[in-house]
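Here is my note on the model you sent. Please read it with the structure open.

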Amino acid sequence: MTQVITLVGHGCPIPAIEAAFGLQARTVRDWVAAAGQHMHAIQEHLVEQPRDLAQVQADAIRVKTQTGVVWLAMALMVSTRLWLGGTVSRQRDRALILRLAQLVWRCAVVAPLLLVSDGFAAYPGAWGRVFRTPHPTGRRGAPRRVPWPQLNIVQVIKDRRGAVGMVSRLVTGTGQFVRALLRRTPGCLVANTAYIERLNGTFRARLACLARRTRGLARQVPTLTHGMYLVGTIYNFCTFHQSLTTCDRQPQTPAMAAGITDHRWTVHELLRYRVPPPRWQPPQRRGRRSKRLQALIDRWVHDDHR
C-alpha cells in the first residue's frame with residue numbers, strides 16, 4: 001500500500017499500477033481516498049497552525065474532469081515554500097476565494113503580511129473580509145471587526161498592451177511595508193506569483209488527473225480533493241526543495257523550513273502518523289448545567305488544560 005500511495009503521489013496513473021501490481025482500479029482508488037482523507041487531517045493538525053507567514057501567494061488553476069471544469073485554488077508560504085492548502089469548486093467565484101482566504105487565516109498570526117494574487121476581482125474583497133480582528137468598544141452587541149494592521153494586498157495583472165508584461169497593483173498597504181516583506185524572502189525583489197505558479201506545475205506533474213491532454217480525468221470533486229491533499233502533504237513533508245538548502249548544504253523540506261519537523265518524512269511515516277482526535281466540546285443544552293457536566297467542562301475544556 002505504501003508503494004502504491006507513493007507512486008500515485010508522484011504522478012503514476014492508476015492503469016499503470018493495475019498492470020504492475022495486479023490490483024483492481026477500485027482498490028487503488030479506495031486506498032487513495034483513504035490516504036487523502038488521512039493527509040487532510042495531518043495538514044489540518046500540523047500545517048494549519050498560526051505562524052508568521054510574511055508573504056503568501058495564491059492562485060487558482062482550471063482542471064478538466066469527466067463531468068466538466070472545476071477550479072482548484074491553492075496558497076503558498078513563500079519563504080518556506082510551504083503549501084498551506086487548497087479548495088475545490090465547480091465555479092471560480094467569490095465563495096471559492098473566500099474559503100481559501102479562511103484557510104490562510106487559520107495559518108497566520110497577526111503580524112505584517114503580504115498577500116499576492118493574480119488580477120481576479122474576488123481576491124481583495126475576500127482578503128479584506130477575512131483578515132479582521134474583533135475590536136471591543138465596551139458597548140452591547142458583537143464587537144466591531146477591524147482590518148489587520150500592516151496588511152498588504154497586491155495583485156499582479158497581465159499587461160497585454162504591446163509586449164505582454166506584468167503590472168503590480170497595490171490594493172491595501174504601503175510600498176514601504178511591501179518592500180520590507182519582499183526582502184524577507186531571498187531572491188524575491190518584486191511582487192509576483194512565480195512561486196505559486198511553479199507549485200501549480202508540480203501538482204500537474206504529480207497528480208495524474210491534472211495533466212494536460214490526458215484521458216485519466218477525475219470523475220468527482222472528492223476524488224480531486226483527496227488527490228490534492230495526498231500530493232500536497234507529500235510535497236510538504238517528503239520532498240527536499242533545492243531552494244531551501246541551508247548554508248552548510250543541508251537539504252530541507254518545506255515542513256523542515258517552517259519548523260514543523262526536524263527530518264524528512266517517508267510516505268510510510270505519513271500513513272502511520274496518528275492524528276489526535278478533535279477536542280471535546282460540551283453539548284448544547286438549555287437551563288443550568290449539572291455539577292457532573294460542569295466538572296467535565298472544567299477538566300477537558302478549561303484553558304489551563306489546552
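A salt bridge here is a side-chain nitrogen of Lys or Arg within 4 Å of a carboxyl oxygen of Asp or Glu. The model is predicted.

1. Salt bridges, overall. How many salt bridges does a search of the whole structure find? The count is 3. Side chains of opposite charge can pair when their charged atoms come close.

2. Glutamate 48 and arginine 106. Their side chains meet in a salt bridge, with an N to O distance of 3.1 Å. The pair links distant parts of the chain. Glutamate 48 sits in the loop between α3 and β1 (55-65), and arginine 106 sits in helix α4, 58 residues apart. Is glutamate 48 buried or exposed? Its relative accessible area is 10%, so glutamate 48 is buried, the cut-off being under 20%. Arginine 106 has 37% relative accessibility and therefore counts as partly exposed.

3. Arginine 184 and aspartate 52. The closest N and O atoms of this salt bridge are 3.0 Å apart. Arginine 184 lies in the loop between α6 (175-183) and α7 (194-206), while aspartate 52 lies in the loop between α3 and β1, so the pair ties together parts that are 132 residues apart in sequence. Arginine 184 is partly exposed, at 44% relative accessibility. Aspartate 52 is partly exposed too, at 35%.

4. Aspartate 118 and arginine 92. Here the closest N and O atoms of the salt bridge are 3.1 Å apart. Aspartate 118 belongs to the loop between β4 (113-117) and α5, and arginine 92 to the loop between β3 (82-89) and α4, so parts that are 26 residues apart in sequence are tied together. Aspartate 118 is buried, with a relative accessible area of 17%. Arginine 92 is partly exposed, with 28%.

5. Helices α4 and α5. How do their axes cross? Helix α4 covers residues 94-106 and helix α5 covers residues 122-130. The two axes come within 9 Å and cross at roughly 40°. Angles under 35 degrees count as roughly parallel, and 65 to 115 as roughly perpendicular. The two helices are therefore oblique to each other. The crossing of α4 past α5 is right-handed.

6. Helices α3 and α8. Helix α8 spans residues 221-238, and its axis comes within 8 Å of the axis of α3. The crossing angle is roughly 55°. That makes α3 and α8 oblique to each other. In this case α3 passes α8 in a left-handed crossing.

7. Leucine 100. This residue lies in helix α4. Leucine 100 has 0% relative accessibility and so counts as buried. Leucine 72 is 28 residues apart from leucine 100 along the chain, and their C-alpha atoms are separated by 9.9 Å.

8. Glutamine 37. Helix α3 (residues 25-47) holds glutamine 37. Is glutamine 37 partly exposed or buried? At 49% relative accessibility, glutamine 37 is partly exposed, because exposed requires over 50%. The C-alpha atoms of glutamine 37 and alanine 111 are separated by 31 Å. Along the chain the two residues are 74 residues apart.

9. Positive phi values. Alanine 54 is not a glycine, yet its phi is positive, about 65°. Alanine 54 lies in the loop between α3 and β1. At 5% relative accessibility, alanine 54 is buried. Arginine 249 also has a positive phi of about 65° without being a glycine. The loop between α8 and α9 (254-257) contains arginine 249. Arginine 249 is exposed, with a relative accessible area of 75%.

10. Nonpolar surface patch. Which residues form a nonpolar patch on the surface? They are Trp280, Leu296 and Trp300. Together they have about 280 Å² of accessible area. Tryptophan 300 is found in helix α11, which covers residues 291-300. At 43% relative accessibility, tryptophan 300 counts as partly exposed.

Definitions and conventions. Residues are numbered from 1 along each chain as its sequence is written. This is a predicted model: local features need pLDDT of at least 70, side-chain atom pairs count only at pLDDT 80 or more; totals for chains, interfaces and linings use all residues. Side-chain values use heavy atoms; hydrogens and water are left out. Patches are made of residues with over 30% relative accessible area and no salt bridge: like charges are joined within 9 Å, nonpolar side chains (Val, Leu, Ile, Met, Phe, Trp, Tyr) within 5 Å. Accessible areas come from the Shrake-Rupley method with a 1.4 Å probe; for residues, only the protein chains shown count as cover. Helices (H or I, at least four residues) and strands (E, at least two) are DSSP runs, numbered from the N terminus. Buried means under 20% relative accessible area, exposed over 50%, partly exposed in between (1.4 Å probe, protein chains only). Axes are lines fitted to C-alpha atoms, for helices over the stretch in contact, and angles run from 0 to 180 degrees between N-to-C directions. Angles under 35 degrees count as roughly parallel, over 145 as roughly antiparallel, 65 to 115 as roughly perpendicular and the rest as oblique. A crossing is left-handed if the near helix is turned anticlockwise from the far one by less than a right angle, and right-handed if clockwise.
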